[in-house]
Amino acid sequence: MYDIILDFTGNEILSMFISAALPLFMFILPFALVAVLAERKVSAFMQDRLGPTRVGPKGLLQTVADILKLFQKEDIVASNADKKLFNLAPILVFAGSFAVFAAIPFSGAYIGTFADVGIFFVVAISSLVVAGILMAGWASNNKYSLLGAVRSAAQIISYEIPTALVILSLVMLAGTLNLYELTEMQTEYFWNWYIFGGPATGIQKILLIPFMIVGFIILYISTLAEVNRTPFDIPEAESELVAGYHTEYSGMKFAIFFLAEYANMFAVSAIVATLFFGGFQSPFGYLGDLFGVEWLIPIEQFGWFTVKGLFFVFVQMWLRWTLPRLRVDQLMTMCWKYMIPYAFVNLIIIGIISLI
Amino acid sequence: MNLYDIIFYIFAAITVVSGVITVTSKNIIYAAFSLLFTFFGVAGMYVLLGADFISIVQIIVYVGGILILLLFGVMLTNKVTSTDIKSGSVNVLPAVIGVALFAGALISIIIRTKWTETPGEIPLSTAGTLGSVLLNEYVIIFELLAVLLLIALIGAASIARRTKEETN
């Protein structure tokens, strides 16, 4: 994509900026618009309500109205807050969640970087989000914010371990850290997806399937905890902490936190889809191949990728409005006493099977 | 001046400026957060040098691990954040002599070294090579380090547990 823009503009720096900003404007912003509305509609459906109905046909423009409202809001900085860090924190949080999109393969034709450290980069760069959240919580000079930030950081760094272990087991099986290559291995039909044992054949594939499903469940639960979604939303538990680390934020800064949260939701869903469900690969061949139209394939791949990502975002919403919130001690027990040991055993078993 | 030069100078500026803030700031939280940007700038330098794996390790270990732990410690000890770090000047003369000697040595090394310039190549990925070297040639050292880390982990856990039982 960078090369195309370079041909078009002829300026290295300009084309670098454009290709870096592309996922934001082409994907994250429209996604956030749709996802916020979807969240409200899904929650309304689950609680037997109607949800937003007033703005636009069937309430479809509700999010647009909300964003216009947020634009106009006064930017309040509490007088005892640490102004520099208070203003820097939302940028840091958003930078962390946006940087993840650099390594996500949207389709065969569009991926930010083909770097060989792809998935490792994703795991590492999300730690910027933790630093940003701690910064926001501390700079607000508010006990709810600080408690929310500390809870959130503890939760994210704890749940990074099972995530990393499951990712490690997949990397061990595939022999690559590159997300594009990982996707290419799951090509052609859906039984080549890693949830069904990947491109392995025979007895190895059959043995792998149950452990892959266990790995997928562990990964999904821990990514859910990493993006602070219910049932793991104790950092912003309304009944205890008002709104957690962004209690003091208003207007655009709050909107940036919100955008970062939704960008994160899609990013982790995309990672789950890429690792276990074939990423941008179609579950059965492509229309482009059928009709012999080359340029149709990347578009189809982008479509499949979006559908898979959105499906996992929908599951996140589904869980949010179905399950109650965990207590802090339950959360930590679940991570350290159940998920990490299971992930370790799973890793060892997958390692043994891959040697057969 | 091409794109990579500009990126290099941006990362260099981030590293140096935030490093200076880390050392001079009297507020411990500011120092900790500017350390974050120093680590990040160094990681950027590694990428420009073609060491992609090392740069990611830099981020995951220093930013994601050590720095978060440091911030956690600072934030949980309430009295540290509200007071300034006490800094003054004592032993000025010995300090000046030491710093001058060290700076002179560094500058003379920088001037005397014959810098070789080679045309830039697209660096190859290092992750695979690094992995095979670590697990083939240096496998004993690698395993010993793993055991050492495990011992440290168990030691830390047992120390933490013992103090808890005593207070009960």
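This briefing outlines the salt bridges, aromatic pairs, selected residues and chain interface of the structure above. The model is predicted. Over all chains, the structure holds three salt bridges and 29 aromatic pairs.

**Salt bridges**

- Side chains of opposite charge can pair when their charged atoms come close.
- A:Arg320 and A:Glu39 form a salt bridge, with 3.6 Å between the closest N and O atoms. This pair links distant parts of the chain, since A:Arg320 belongs to helix 13 (residues 296–320) of chain A and A:Glu39 to helix 2 (residues 12–46) of chain A, 281 residues apart.
- The two partners have these accessibilities: A:Arg320 is partly exposed, at a relative accessible area of 23%, whereas A:Glu39 is buried, at 5%.
- A salt bridge also joins the side chains of A:Arg40 and A:Asp66, at 2.9 Å from N to O. Because A:Arg40 lies in helix 2 of chain A and A:Asp66 in helix 3 (residues 62–72) of chain A, the pair ties together parts that are 26 residues apart in sequence. A:Arg40 counts as partly exposed, with 33% relative accessibility.
- A:Arg327 forms a salt bridge with A:Asp329, and their closest N and O atoms are 3.0 Å apart. A:Asp329 is partly exposed, its relative accessible area being 43%.

**Aromatic pairs**

- One aromatic pair consists of A:Phe27 and A:Phe302 in an edge-to-face arrangement, with 5.9 Å centre to centre and 80 degrees between the planes.
- This pair links distant parts of the chain: A:Phe27 is in helix 2 of chain A and A:Phe302 in helix 13 of chain A, 275 residues apart.
- A:Phe27 counts as buried, at 8% relative accessibility, while A:Phe302 counts as partly exposed, at 33%.
- Both residues belong to a cluster linked by ring pairs, which also includes A:Phe31, A:Phe101, A:Phe106, A:Phe266 and A:Phe305.

**Selected residues**

- A:Ser158 is found in helix 7 (residues 143–174) of chain A and counts as buried, with a relative accessibility of 5%.
- Apart from neighbours within four places in sequence, the residues in contact with A:Ser158 are A:Met332, A:Cys335, A:Trp336 and A:Ile340.
- Most residues other than glycine have a negative phi. A:Asp48, by contrast, has a positive phi near 60 degrees.
- A:Asp48 is located in the loop between helix 2 and helix 3 of chain A, and with 73% relative accessibility A:Asp48 counts as exposed.

**Interface of chain A and chain B**

- The interface brings 29 residues of chain A into contact with 25 residues of chain B.
- On the side of chain A that touches chain B, two or more residues come from each of helix 2, helix 4 (83–99), helix 5 (118–125), helix 6 (127–139) and helix 7 of chain A. Helix 6 of chain A gives the largest share, seven residues.
- The residues of that side of chain A comprise 24 nonpolar, one polar and four charged.

Note on methods
Residues numbered from 1 in each chain as written. Chains lettered and ligands numbered in written order. Predicted model: local features only at pLDDT ≥ 70, side-chain atom pairs only at ≥ 80, totals over all residues. Heavy atoms only, no water. Salt bridge = Lys/Arg side-chain N within 4 Å of Asp/Glu carboxyl O. Helix = DSSP H or I, 4+ residues; strand = E, 2+ residues; numbered from the N terminus. Buried < 20%, exposed > 50% of the residue type's maximum accessible area, 1.4 Å probe, protein only. Contact = heavy atoms within 4.5 Å. Phe/Tyr/Trp six-rings, centres within 6.5 Å; stacked < 30°, edge-to-face > 60°. Nonpolar A, V, L, I, M, F, W, Y, C, P; charged D, E, K, R; others polar.
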